Amino acid sequence: MMTTKILCVADGGVTPEMMRDFTELETYGAEVTIVEDTDMSSIGKITDRMGLLERSGIDAAPSCQELLDNCADADIIVVHVASVNREVLEAAPNLKLVAVLRGGIENADVEELRARGITLINAPWRSANAVADFTVGMMIAENKNIARSHHLLKQGVWCKKYVNQDYIRDMRKCTVGLIGFGHIGSRVAQRLVGFESKVIAFDPFAPADVPLKEGVERVDSLEELLRQSDFVSLHLRISPESHHIINADTLALMKPTAYLINTARADLVDEEALAEALRQRSIGGAAVDVYALEPLQEGHPFLDLDNITLVSHLAGTSADTMQTSVEIGVDELKRYLQDQPLQTVCA
């Protein structure tokens, strides 16, 4: 039986200690080597790197030298944020599979992997529960003025009336529209059903014949969802079709009392158009966790608004997220080593 050589690249998020869970695969005929990407030593650096890749593409980030130095005989490469780019692929002639331990795959050259017949898997639901929890929290915080009240109390102000006073609602009386119904959107829906909210969903990339979760109603168009919803929550990946799916025209379709929630990707929203809609009170409010340029810059139009809740890209933050990504990766590679169907194939 031939040994399958697996190279794991740890960093400040998925640490070397976590990566050691992959040594369990040695009972299935694998040889596991762990190296560390010391350039990605903190969550802040990791977040910055992923933002760069999302905005500028795979070639915007440098290769990890430890990965390059150790990949020559690797059959499988496992990474968190280290790039698997053309330079790495040229240095790994035996490569058969790449595992990215993230929900996104921006740090893998998908086209080149496909051209070389190399399988790409990821960890698509690693932070789904964390983001789903956070998304519902953002809805409630913006609707019920939790963050605003906290901020004012810190300034010594006891405030009992807010700009949305006339449309502060119970969740059970609200219609929540989910744009995107994948791993995160479906979990948000599951939580909202418990609040007795009416949940509707529109996913332009999901087959129309795939049933939604019980208690969720599919709508046929984005326009219909925007017109019905008291909350509009984004759960799409970035693509040419989804870029600025929320813009001046689509914001104009929302209720003047509706809230926009973005815990997904910054480029889904035209920030200038959203700031103007909030400034003109043409929508009720917004809660935002992701921004076109991070950290949020001084003078950003969001900072002067009194009808938006701003958070510093925290939705996926959980002590459980990184470990969950490792669990997904280990389970998938067990299937691979036993010639079983994979569940997270991207390419």
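**Entry 1: a helix pair**

In which hand does H6 pass H8? I looked it up in this predicted model, and the crossing of H6 with H8 is right-handed. H6 covers residues 128-144 and H8 covers residues 183-194; I get an angle of about 50° between them, with the axes 8 Å apart. Angles of 65 to 115 degrees would be roughly perpendicular and those under 35 roughly parallel, so I put H6 and H8 down as oblique to each other.

Next I listed who makes the contact. From H6 I have Ala-128, Asn-129, Val-131, Ala-132, Asp-133, Thr-135, Val-136 and Met-139. H8 puts in His-183, Ile-184, Arg-187, Val-188, Arg-191 and Leu-192. Sorting the residues of this H6 and H8 contact by type, I end up with eight nonpolar, three polar and three charged.

**Entry 2: salt bridges**

Side chains of opposite charge can pair when their charged atoms come close. Taking a nitrogen to oxygen cut-off of 4 Å, I get a count of 18 salt bridges. I went through three of them.

Arg-116 and Glu-90 came up with their side chains meeting at 2.7 Å, N to O. Where do Arg-116 and Glu-90 lie? I find Arg-116 in helix H5 (residues 110-116) and Glu-90 in helix H4 (residues 86-91), so this pair ties together parts that are 26 residues apart in sequence. I also checked accessibility: Arg-116 is partly exposed at 34% relative accessibility, while Glu-90 is exposed at 53%.

Then I turned to Glu-106 and Arg-102, a salt bridge whose closest N and O atoms are 3.2 Å apart. Is Arg-102 buried or exposed? I have Arg-102 as buried, because its relative accessible area of 6% falls under the 20% limit.

I noted both Arg-335 and Glu-332 as buried.

I also looked for salt bridges with shared partners. One network that I found this way joins Arg-86, Glu-90, Glu-112 and Arg-116, so I am back at the pair that ties H5 to H4.

Which residues does a cis peptide bond join? I have Glu-294 and Pro-295 down for that, with omega about 0°. I traced Pro-295 to the loop between strand E11 (285-288) and strand E12 (308-310).

Asn-145 sits in the loop between H6 and helix H7 (146-154). How accessible is Asn-145? I get 1% relative accessibility, so Asn-145 goes down as buried.

Arg-281 is another non-glycine with a positive phi, about 60°. I place Arg-281 in the loop between helix H11 (271-279) and E11. For Arg-281 I get 41% relative accessibility; that value lies between the 20% and 50% limits, so I wrote Arg-281 down as partly exposed.

Technical notes. Residues are numbered from 1 along each chain as its sequence is written. This is a predicted model: local features need pLDDT of at least 70, side-chain atom pairs count only at pLDDT 80 or more; totals for chains, interfaces and linings use all residues. Side-chain values use heavy atoms; hydrogens and water are left out. Axes are lines fitted to C-alpha atoms, for helices over the stretch in contact, and angles run from 0 to 180 degrees between N-to-C directions. Helices (H or I, at least four residues) and strands (E, at least two) are DSSP runs, numbered from the N terminus. Angles under 35 degrees count as roughly parallel, over 145 as roughly antiparallel, 65 to 115 as roughly perpendicular and the rest as oblique. A crossing is left-handed if the near helix is turned anticlockwise from the far one by less than a right angle, and right-handed if clockwise. Contact means heavy atoms within 4.5 Å. Ala, Val, Leu, Ile, Met, Phe, Trp, Tyr, Cys and Pro count as nonpolar, Asp, Glu, Lys and Arg as charged, and the others, Gly among them, as polar. Buried means under 20% relative accessible area, exposed over 50%, partly exposed in between (1.4 Å probe, protein chains only).
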